[in-house]
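I opened this model to look up a few things and noted them in the order in which I went through them.

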Amino acid sequence: MSARKIISSSHYEVPPTAGLPLRASDLWPGPAALPETVAAQLGTPPLQLECSGTACLLVALMTLMQRQPKRRVVVMPAWTCPLMPIAVHNLGLEIRLCDLKPGHWDMDGQTLEAICDENTLAIMPTHLAGLVADVDAAVRVATKVGAYVIEDAAQALGATDRGRSVGLRGDVGFFSLAAGKGLSIYEGGLLLTRHDDLSEELRRTAEEKVPHRIGWELRRSIELLGLAALYRPRWLGLAYGRALRKHLHEGDSVAAVGDDFPRTIPLHRVGRWRQGVGAHAAARLPAFIQDNRERARQRIGQLRDIEGIEVFDNAPGTEGSWPFLLVRLADAGRCQDALDQLWQAGVGVTRLYVHALPDYAYLADRVPRQATPQASRLAAQTLSISNSRWLQDADFERICSVIRR
Ligand SMILES: *Cc1c(COP(=O)(O)O)cnc(C)c1O
């Protein structure tokens, strides 16, 4: 693979997503008011902090399983974070994949209707790339078969649907606070629901099932210090770029993108210090999201001028959170050609998920061997461009010119 440098300074590395950079002052101990701060900003009911987005899904599913013990199937899009089927499998539940609308990242409505039945426990519309998914379609099907809707808003903290935060049209929603996902405490997640009774049950589940584990919290605290220190263009080459290039050199794109997740998911409580760090940083969240939106708007305009590609944009009435721009090229070959030039160039261009879920060899024992042709096609045709403010206009223009060719 030819790694052509297209930027002038090889010491700079743009992160693949727009994360909210931490400041030294965030690290001083402060009130552990992270969920309260974010809930006030988003105008949501109280948020429940867990140790990851995936942990939020585990708590949600454990709660819904108690309500509906006979229902065993969780339906999710065939192109999503591999942690989602890993979590579902770890609870002993069955995964059913919904293929996508042709040429689009969201679940196909007709397919969804066809695969849901009285065994469906939950449907997971997913706000991919911080863009708002069609939750209403999932709610319609869920209502018909008696299932719940869990909105995967891991990438969509700050996104809105008809003026309200995502996560409130379904029964449960969750945001991720993992490294690189906007606001981060290295690993964390926020769970929300519009139902008071379910909110109570989610809290009870966490109370019963989520232990204090001092070793995990210590590890995450050190990792958060590392993130605060290294999350800047001068150091990201060390923290992110070096591993990316090594894996690509070895031909392992799954590891390069970080799609190779462990089998087990840690479940523990988040300590007060990390909550305080997150609460400090959250003060800058509204301005950060606004800035992301404005930059995305402008850059989408530039990408629109390129023929033969599609940039995914807001559906009517919705506003994304814009961690990155998701671009579909005409075919898999052109996408790979562009990535050959851009992936290792340090300009924040990468793949979102390398494969559709059935196409990961390492998930073969957990994900059904379903054919999901639309998802497989989209995965091969799509690249992501960082929406970090560190991606400078000149580099963005060079990315556009590579894609144009
Ligand atoms: C990152 C992500 C998750 C998992 O969140 P973690 O906080 O990393 O556990 C789930 N779904 C999507 C779409 C994601 O991008």
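**Ground rules.** I am working with a predicted model, in which local features need pLDDT of at least 70 and side-chain atom pairs count only at pLDDT 80 or more, while totals for chains, interfaces and linings use all residues. I number residues from 1 along each chain as its sequence is written, and the side-chain values use heavy atoms, with hydrogens and water left out.

**Ligand.** I looked up the residues with a heavy atom within 4 Å of the ligand and found that 16 residues surround it, the closest being Gly53, Thr54, Asp152, Ser176 and Lys181. For polar contacts I took pairs of N or O atoms within 3.5 Å; within protein, one atom must be able to donate a hydrogen and the other to accept it, and residues adjacent in sequence count only if both atoms are side-chain atoms. A polar backbone atom of Gly53 is 2.7 Å from an oxygen atom of the ligand, and a polar side-chain atom of Ser176 lies 2.6 Å from an oxygen atom of the ligand. An N or O atom in the side chain of Asp152 is 2.6 Å from a nitrogen atom of the ligand. The ligand taken alone exposes 380 Å², and the protein buries 94% of that (Shrake-Rupley areas with a 1.4 Å probe; for residues, only the protein chains shown count as cover).

I then asked which helices each supply at least two residues of the shell, and these include helix 2 (53-67) and helix 3 (83-90). Helices here are DSSP runs of H or I with at least four residues, strands are runs of E with at least two, and both are numbered from the N terminus. By class, I noted six nonpolar, eight polar and two charged residues in the shell, where Ala, Val, Leu, Ile, Met, Phe, Trp, Tyr, Cys and Pro count as nonpolar, Asp, Glu, Lys and Arg as charged, and the others, Gly among them, as polar.

Arg162 has a positive phi of about 50 degrees and sits in the loop between strand 6 (160-161) and strand 7 (164-165). Trp322 has a positive phi of about 55 degrees and is found in the loop between strand 11 (318-319) and strand 12 (324-328). Buried or exposed? Trp322 is buried at a relative accessible area of 2%, whereas Arg162, at 48%, is partly exposed (buried is under 20%, exposed over 50%, partly exposed in between, with a 1.4 Å probe and protein chains only).

**Two buried helix residues.** Arg299, in helix 11 (residues 285-304), is buried at 2%, and its side chain reaches the backbone oxygen of Leu391 at 2.9 Å.
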